[in-house]
Amino acid sequence: MAKYLLVSFKTCPWVQRAAIVLREKNIDFEFRHIEPDNRPDWFLAISPHKKVPVLRLDDKVSLFESSAMSEFLDETTQPRLHPEDPVERAINRAWTDYVPTFAAEVTAVAYADTEADYNKAKERITVPFERLEAALAKQGKGPFFNGSKYSLVDASYAPFLQRYFYLDRIRPLGHIEKFPRLKAWAQALIARPSTHSFPEGEFEAMYRLNLKKRNKYLAQFVELPAVAAE
Ligand SMILES: N[C@@H](CCC(=O)N[C@@H](CS)C(=O)NCC(=O)O)C(=O)O
C-alpha cells in the first residue's frame, strides 16, 4: 500500500477537501501542517506552485491541485465515490468545476474591505445558492448531492458550506434559509464525520482568528473565545 503524506495549512479549504476524500476511503495518511508565512524548504522543493495541498506518494511523487488529487484517489482506491453512470459522472464533474466560483463568492464576504463591498458580496451569494438549489432539485432526494450515496461533489463543497455557516454566525447573512435543499445538504455535510480535520469548536475558533488577523471589514464583528485567566 502506498504511503501518503498530505501537506497542509490548518484552515485551508482545499486541503480539507483532499483530507475528506482520504477519510471517506479509510486511507491511512500522515497529515503534516505547516505555517503559510513560514513554508519550509523541504515543502518548497516538493510543491510545484508552492501551495497546499500537496499529496506526496511514497515520498517520490507530488500530486497537487485538490481536484486532480481527488480524481486520482478515486481511480486508485475503494470505495468509488464517483457515480458509475458516465452521464452522472460528467454532471458531477461539472458541478465540481463550479466549486471555485462558489468558493470565490463565499470568500468575497469574508475578505470584503468595506461595508459596501461586504453588502455587495452578501447579495451575490444568492446567485450560486440558486444554481445549487436547482441542481439539487434535479439530482434527487438527498441527503447528499446524488441522493443516499456520498460522492466527490459532496467532499468538494463541504469546506465552503461550512465556512458560510461560520460567516453567518459572525454577522447574519440570512440566505441559506431560503434554499431548503441547499440547507439540508449543507447540514448533512457538516454532520458527516469525514468533514472535520479538527474538533469543530477549535476549528471555528481558528477560522475566526484568521479573519481577525486579516483585519478586513468583518474583523470588527469577530468574537474570540476568552483566554482563560492564569
Ligand atoms: N486550486 C488549488 C488551490 C490551493 C490554494 O489556493 N491553496 C492556498 C491555501 S488555502 C495556498 O497554498 N496559498 C498559498 C499561495 O497562494 O502562495 C487546489 O484546489 O488545490
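Modeller: On the H7 side, Phe-129, Leu-132, Glu-133, Leu-136 and Ala-137 do the touching, and they meet Arg-181, Leu-182 and Trp-185 of H9. Keep in mind that this is a predicted model. Sorted by class, the residues of this contact come out as 6 nonpolar and 2 charged, with no polar ones. As for geometry, H7 covers residues 126-139 and H9 covers residues 180-191; they pack at an angle of about 85 degrees, and their axes are 8 Å apart. That angle makes H7 roughly perpendicular to H9.

Moving on to the sheet: it is an open one of 4 strands, ordered E2-E1-E3-E4, with mixed pairing. On average, neighbouring strands are turned by 25 degrees against each other, ignoring direction. E3 (residues 54-57) and E4 run antiparallel and are joined by 4 bridges; across that pairing, Val-54 sits opposite Phe-64 of E4. Helix H1 (residues 13-24) packs on this sheet, touching E1 (4-8), E2 and E3, and its direction makes about 155 degrees with that of E1.

Then there's the ligand. Around it you'll find Phe-9, Cys-12, Trp-14, Lys-50, Lys-51, Val-52, Pro-53, Glu-65, Ser-66 and Ser-67. By class, that shell holds 5 nonpolar, 2 polar and 3 charged residues.

Methods: Residues are numbered from 1 along each chain as its sequence is written. This is a predicted model: local features need pLDDT of at least 70, side-chain atom pairs count only at pLDDT 80 or more; totals for chains, interfaces and linings use all residues. A residue is near a molecule or strand if its C-beta atom, placed from the backbone, lies within 6 Å of it. Ala, Val, Leu, Ile, Met, Phe, Trp, Tyr, Cys and Pro count as nonpolar, Asp, Glu, Lys and Arg as charged, and the others, Gly among them, as polar. Axes are lines fitted to C-alpha atoms, for helices over the stretch in contact, and angles run from 0 to 180 degrees between N-to-C directions. Helices (H or I, at least four residues) and strands (E, at least two) are DSSP runs, numbered from the N terminus. Angles under 35 degrees count as roughly parallel, over 145 as roughly antiparallel, 65 to 115 as roughly perpendicular and the rest as oblique. Two residues are in contact if their C-beta atoms, placed from the backbone, lie within 7 Å. Two strands pair if DSSP finds at least two bridges between them.
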